[in-house]
Amino acid sequence: NPNPFKNKTTIKIKTEKKISDYSFILYDLYGKIIRKQNFYYNHFELERNNLPPGMYIYKIYYSEGILGFGKLIVE
């Protein structure tokens with residue numbers, strides 16, 4: 001996934017687990033939830049929409065807890 005991104009980016013998950021239901025949660029640097037999106041495959045398109053430029057933290061959850069996390073930069 002291109003990081004930083006301007007309009008949209010693809011979030012891809014690499015896992016050996018058989019999972020069909022994920023939650024993507026985007027936080028600002030203060031820990032406030034900015035966006036929450038559910039998806040059902042190992043990838044999805046994150047649209048920028050009205051996100052202001054800056055750095056964000058994301059976490060990807062599944063039924064057993066956190067699957068992954070990272071930083072996203074919006075130009």
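This is a predicted model: local features need pLDDT of at least 70, side-chain atom pairs count only at pLDDT 80 or more; totals for chains, interfaces and linings use all residues.
**Overall fold.** I looked up the secondary structure and found 0 helices and 6 strands in the chain. From the N terminus on, the order is β-β-β-β-β-β. I then checked the radius of gyration: 12 Å, close to the 11 Å that the globule rule gives for 75 residues, so the chain is as compact as a globular protein of that length. Along the principal axes, the C-alpha atoms fill a box of roughly 35 × 25 × 15 Å.

Of the contacts with a separation of 6 or more, 50% join residues 24 or more positions apart. I compared the mean positions of the 12 positive and 7 negative charges and found them 3 Å apart.

**Aromatic pairs.** I searched for ring pairs and got 4. One of them, Y22 with F39, is stacked, at 4.9 Å centre to centre and 15 degrees between the planes. Y22 lies in strand β2 (residues 22-27) and F39 in strand β3 (residues 33-39), so this pair ties together parts 17 residues apart in sequence. I found both Y22 and F39 buried.

For F24 and F44, I noted ring centres 5.1 Å apart and planes at 65 degrees, so the pair is edge-to-face. F24 sits in strand β2 and F44 in strand β4 (residues 43-47), 20 residues apart. F24 is buried at a relative accessible area of 0%, and F44 is buried at 7%.

Last, I traced the ring pairs: they link Y22, F24, F39, F44 and Y58 into a cluster.

Conventions. Residues are numbered from 1 along each chain as its sequence is written. Side-chain values use heavy atoms; hydrogens and water are left out. Helices (H or I, at least four residues) and strands (E, at least two) are DSSP runs, numbered from the N terminus. The radius of gyration is taken over C-alpha atoms; the globule rule is 2.2 Å times the number of residues to the power 0.38. Contact means heavy atoms within 4.5 Å. Lys and Arg count as positive and Asp and Glu as negative; His and the chain ends are not counted. The place of a charge is taken as NZ of Lys, CZ of Arg, CG of Asp or CD of Glu. Rings of Phe, Tyr and Trp (its six-membered ring) pair if their centres lie within 6.5 Å; planes under 30 degrees apart count as stacked, over 60 as edge-to-face and the rest as tilted. Buried means under 20% relative accessible area, exposed over 50%, partly exposed in between (1.4 Å probe, protein chains only).
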